[in-house]
Amino acid sequence: MSMRATRSAVYGSLIVLGAVAACAGDQPRSIGTLHPTTYDYQNFNTYHRNRDTLVVVYGNPLAVDDAALGRAVGDAMRASGVQSNFTTAPGASAEKNLRVVVSFGRRPDNRGLCTLKPGDRVTVDRSGITEVHAAWCWSERVDSEVSSYVTAITSLDDPRFRALFSQATRELFPGSRDVNRNNGRLKIDVP
């Protein structure tokens with residue numbers, strides 16, 4: 001690729017990212033939500049309701065202790081009202097084949113979140129927004145996925161941190177009343 005083409009691509013990316021950051025505001029926004037036909041809220045109830053759910057976190061946008069970040073993510077996910085104990089240190093009640101994978105920033109080699117392995121690193125974008133991708137995984141299969149962002153979060157106590165994860169969790173696990181199947185398509189009606 002020529003230097004001019006590279007420079008154009010970089011400038012184009014900066015313009016798009018600047019526009020996204022300008023639109024982000026203080027309220028979390030979803031970039032996209034995926035609920036394949038395998039998604040079934042009854043599966044959530046069977047395997048997660050009032051039980052521990054393993055949460056695996058990749059990336060660290062705040063350069064805080066990884067354990068503290070994991071606890072804050074779990075606490076914010078529980079604030080969504082979804083009935084599970086989201087935690088990075090689950091007990092015996094957790095279903096061993098199911099987990100939620102959270103990534104701050106880009107996935108390595110654009111691989112799916114459910115295929116990430118311990119030790120994989122993600123690139124955290126520090127462009128004025130905090131971007132979060134989350135997937136509910138059954139082994140390496142994605143049962144639901146959401147991508148959300150908000151203006152750059154400054155600390156674990158920032159109210160936007162809790163709001164971002166609370167919204168993302170509700171979209172990741174929409175209740176049966178929020179899911180409408182029409183001709184094989186899934187429509188999610190989550191506020």
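**Exercise 1: a salt bridge and its cover**

Asp 158 is buried, with a relative accessible area of 8%; buried means under 20% relative accessible area, exposed over 50%, and partly exposed in between (1.4 Å probe, protein chains only). A word on the ground rules: this is a predicted model, in which local features need pLDDT of at least 70 and side-chain atom pairs count only at pLDDT 80 or more, while totals for chains, interfaces and linings use all residues. Residues are numbered from 1 along each chain as its sequence is written, and side-chain values use heavy atoms, with hydrogens and water left out.

Task: Find which side chain meets that of Asp 158 in a salt bridge.

Solution. 
- Step 1. Apply the rule: a salt bridge is a side-chain nitrogen of Lys or Arg within 4 Å of a carboxyl oxygen of Asp or Glu.
- Step 2. The partner is Arg 160, at 2.5 Å, N to O.
- Step 3. Check the cover of Arg 160: this residue counts as buried, at 15% relative accessibility.

**Exercise 2: the other pairs**

Task: Work out how many salt bridges the rule gives, and compare the cover of the partners in two further pairs.

Solution. 
- Step 1. The count comes to four.
- Step 2. One of them joins the side chains of Asp 143 and Arg 141, at 2.7 Å, N to O. Asp 143 is buried, with a relative accessible area of 0%, whereas Arg 141 is partly exposed at 36%.
- Step 3. Another joins Asp 75 and Arg 78, at 2.1 Å, N to O. Both residues lie in helix H3, three residues apart, or about one turn of the helix. Asp 75 is partly exposed at 35%, and Arg 78 is partly exposed at 31%.
- Step 4. As background, side chains of opposite charge can pair when their charged atoms come close.

**Exercise 3: helix H4**

Task: Describe the span and the cover of H4.

Solution. 
- Step 1. Helices (H or I, at least four residues) and strands (E, at least two) are DSSP runs, numbered from the N terminus.
- Step 2. Ten of the 14 residues of H4 are buried, among them Arg 160, Phe 161, Leu 164 and Phe 165.

**Exercise 4: the core and the strands**

Task: Locate the residues that touch the most other members of the largest nonpolar core, then look at the pairing of S2.

Solution. 
- Step 1. A nonpolar core is a set of buried Ala, Val, Leu, Ile, Met, Phe, Trp, Tyr and Cys residues joined through side-chain atoms within 4.5 Å.
- Step 2. The largest core has 37 residues, and Val 73, Val 100, Val 102, Phe 104, Phe 161, Phe 165 and Phe 173 touch the most other members. Elements giving two or more residues to this core include helix H2 (41-47), strand S4 (98-104) and H4.
- Step 3. Two strands pair if DSSP finds at least two bridges between them. S2 is joined to S3 (residues 85-87) by three bridges, with Asn 85 the partner of Asp 52.
- Step 4. Four bridges join S2 to S4, and these strands run parallel; Val 56 has Val 101 as its bridge partner in S4.

Conventions
The expected span of a helix is 1.5 Å times one less than its number of residues.
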